[in-house]
Amino acid sequence: MEKYKVGVVGCTGMVGQRFLTLLENHPWFQVTALAASARSAGQTYAQAVEGRWKMSTPVPEAVKEMVIYDIEKDLDAYVSQIDFTFCAVNMKKDAIKALEEKIAQKECPVISNNSAHRFTPDVPMVVPEINPQHIQIIESQRKRLGTKLGFIAVKSNCSLQSYVPALHPLREKYGLSKALVTTYQAISGAGKTFQTWPEMVDNVIPYIGGEEEKSEQEPMKLWGTIQDGKIVNTDTPNITSQCLRVPVSDGHMAAVFMSFEEGKKPSIEEIKETWANYKGRAQELELPSAPKQFLHYFEDPNYPQTKLQRDLEGGMAISLGRLREDTQYDYKFVGLSHNTLRGAAGGGVLLAELLAAEGYLIHK
């Protein structure tokens with residue numbers, strides 16, 4: 001098949017770097033242009049990331065000599081080289097909103113890793129295994145933007161992947177009333193390594209700005225419904241959260257407590273069976289980045305462990321364990337996801353694959 005021509009805005013940051021490693025040998029997508037701020041513009045990619053490359057694999061050969069566009073000044077030249085773009089920029093929220101709409105209005109679809117548009121009512125925020133139907137809102141968004149091809153689609157916050165995928169099939173099947181979640185989040189979620197953030201060694205920081213609000217509110221949009229050209233948030237289950245930064249390079253863990261609607265409490269065996277059998281649209285379509293088994297449950301109470309399970313199925317699967325009854329809630333369990341793979345760039349690539357498979361991306 002003819003590959004889609006792809007760009008990455010914010011290509012020099014940690015998530016941008018991860019995008020490029022994931023796209024290096026992608027069967028559907030080929031990187032043909034790179035863009036960043038004026039600071040990196042005009043340099044080759046190899047020059048721009050020298051001393052700043054944070055991935056464990058080398059800089060992909062195909063992008064080393066690409067000259068980086070200034071996304072503000074060279075926007076027309078940039079979008080002329082691509083069919084769609086990933087966006088992972090580090091700017092103020094209002095500036096990101098304006099930039100992503102400007103790119104979309106150039107008839108270039110934007111798959112965003114940023115939070116700026118997550119609560120724009122006609123912008124789908126999609127986890128392909130949870131709410132693929134939300135991409136239908138793109139038609140309403142195109143009317144607002146005045147575009148035929150251009151649109152913005154976003155992925156959700158990285159921390160959600162450690163618990164929402166496990167709650168989703170249970171909510172669908174039995175009905176959840178409330179959940180309490182504490183996430184233990186890796187330093188790569190802040191774009192850092194232990195070399196650049198030595199203060200995190202042997203340390204836990206009990207605060208991540210804005211993270212608890214995202215953890216409580218974003219699932220409401222994922223589980224919302226399309227009404228009159230907008231995604232209307234659901235109001236159940238009630239979720240409360242705490243988010244802590246822990247001395248781990250990659251991988252977000254969650255301790256989850258959940259209660260079901262009255263009279264609908266399943267058995268532990270039914271929960272495990274629901275998790276084992278759950279397949280989403282990504283698995284139905286056999287998308288290239290989709291895990292074969294979305295939810296993996298481990299019987300050993302020592303699992304999942306961040307170091308051992310974060311890379312499961314290319315870092316795109318969710319690991320679960322320690323399901324048991326609780327004294328205050330119905331049940332409790334532990335979840336784990338890879339925050340820069342499933343949670344960030346990998347989730348963005350999977351969303352792009354869904355959009356391509358469902359006919360929302362086209363070759364220009």
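Which elements cover the buried residues of α8? The cover includes α7 (164–173), β7, β9 and β10, where contact means heavy atoms within 4.5 Å. The structure is a predicted model, in which local features need pLDDT of at least 70 and side-chain atom pairs count only at pLDDT 80 or more, while totals for chains, interfaces and linings use all residues. Residues are numbered from 1 along each chain as its sequence is written, and side-chain values use heavy atoms, with hydrogens and water left out.

Helices (H or I, at least four residues) and strands (E, at least two) are DSSP runs numbered from the N terminus. The buried residues of α8 are Glu211, Ser215, Glu218, Pro219, Met220, Lys221 and Leu222; buried means under 20% relative accessible area, exposed over 50%, and partly exposed in between (1.4 Å probe, protein chains only). The end C-alpha atoms of α8 are 16 Å apart, which agrees with the 16 Å that its 12 residues should span at 1.5 Å a residue. The expected span is 1.5 Å times one less than the number of residues in the helix.

An open sheet of six strands runs in the order β10-β7-β11-β14-β13-β12, with mixed pairing. Two strands pair if DSSP finds at least two bridges between them. At the edges stand β10 and β12, each of which pairs on one side only. On average, neighbouring strands of this sheet are turned by 20° against each other, direction ignored. Such angles run from 0 to 180 degrees between N-to-C directions, and the axes are lines fitted to C-alpha atoms, for helices over the stretch in contact.

Within the sheet, β7 pairs with β11 (residues 252–260) in the antiparallel sense over eight bridges, and Lys178 stands opposite Ser259 in β11. The pairing of β11 with β14 is also antiparallel, over seven bridges, and Phe257 has Lys332 in β14 as its bridge partner. Antiparallel pairing over five bridges links β13 and β14, with Lys332 in β14 as the bridge partner of Arg324. A hairpin of five residues joins β13 to β14.

Strand β14 is mostly covered, with seven of its seven residues buried. Tyr331, Phe333, Gly335 and Ser337 point one way from the strand, and Lys332, Val334 and Leu336 point the other way. Helix α9 (residues 268–277) lies across β11, β12, β13 (318–325) and β14 (331–337), running at about 170° to β13.

The largest nonpolar core has 52 residues, and those with the most contacts inside it are Ile103, Leu167, Met258, Trp275 and Phe333. A nonpolar core is a set of buried Ala, Val, Leu, Ile, Met, Phe, Trp, Tyr and Cys residues joined through side-chain atoms within 4.5 Å. Leaving aside residues up to four places away in sequence, Leu167 touches Leu176, Ala179, Trp223, Val256, Met258 and Phe333. A second, separate core of 42 residues includes Ala345, Val349, Leu351 and Leu361.

Most residues other than glycine have a negative phi, and most peptide bonds are trans. A cis peptide bond joins Thr236 and Pro237, with omega about 0°; Pro237 lies in the loop between β9 (230–232) and β10 (238–245). Another cis peptide bond joins Tyr303 and Pro304, with omega about 5°. Asp202 has a positive phi of about 60° although it is not a glycine, and Asp202 counts as exposed at 77% relative accessibility. Glu313, in helix α12 (residues 312–315), has a positive phi near 50°.
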